[in-house]
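Hello,

My notes follow below it.

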Amino acid sequence: MKAFLTKVRAFSREEDGVALTEYLILLALLVGGVITAVTAAGSNLSAAWGEWGTWWTTELDPPA
């Protein structure tokens, strides 16, 4: 267990460890933003698509 902790501490002191941590934080923020946007807009887009589909089938006459 001490060897593992020693390796983790050494990795965190290196620049690669810091850069990796920064990239993981940015990735988490990006994924969170995408999930939030899809969740917020999902029901509104579904409703708009349904209304457009209803209009398309009821208002437009098929070609003769």
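The accessible surface of the protein chain comes to about 6,000 Å², and 70% of this belongs to carbon and sulfur atoms. Accessible areas come from the Shrake-Rupley method with a 1.4 Å probe, and for residues only the protein chains shown count as cover.

This is a predicted model, in which local features need pLDDT of at least 70 and side-chain atom pairs count only at pLDDT 80 or more, while totals for chains, interfaces and linings use all residues. Residues are numbered from 1 along each chain as its sequence is written, and side-chain values use heavy atoms, with hydrogens and water left out.

Fold and shape

The protein chain has two helices and zero strands (DSSP runs numbered from the N terminus: H or I of at least four residues for helices, E of at least two for strands). Its radius of gyration is 25 Å, well over the 11 Å that the globule rule gives for 64 residues, so the chain is more spread out than a compact globule. That radius is taken over C-alpha atoms, and the rule is 2.2 Å times the number of residues to the power 0.38. Along the principal axes, the C-alpha atoms fill a box of roughly 80 × 20 × 15 Å.

Of the 64 residues, 2% count as buried (under 20% relative accessible area; exposed is over 50%, partly exposed in between, with a 1.4 Å probe and protein chains only).

Single residues

Met1 sits in the segment before α1 and counts as exposed, at 76% relative accessibility. The C-alpha atoms of Met1 and Tyr23 are separated by 27 Å, with the two residues 22 apart along the chain.

Ser12 belongs to helix α1, residues 2-13, and is partly exposed, with a relative accessible area of 44%. From Ser12 to Ser46 is 45 Å, C-alpha to C-alpha, and 34 residues in sequence.

Regards
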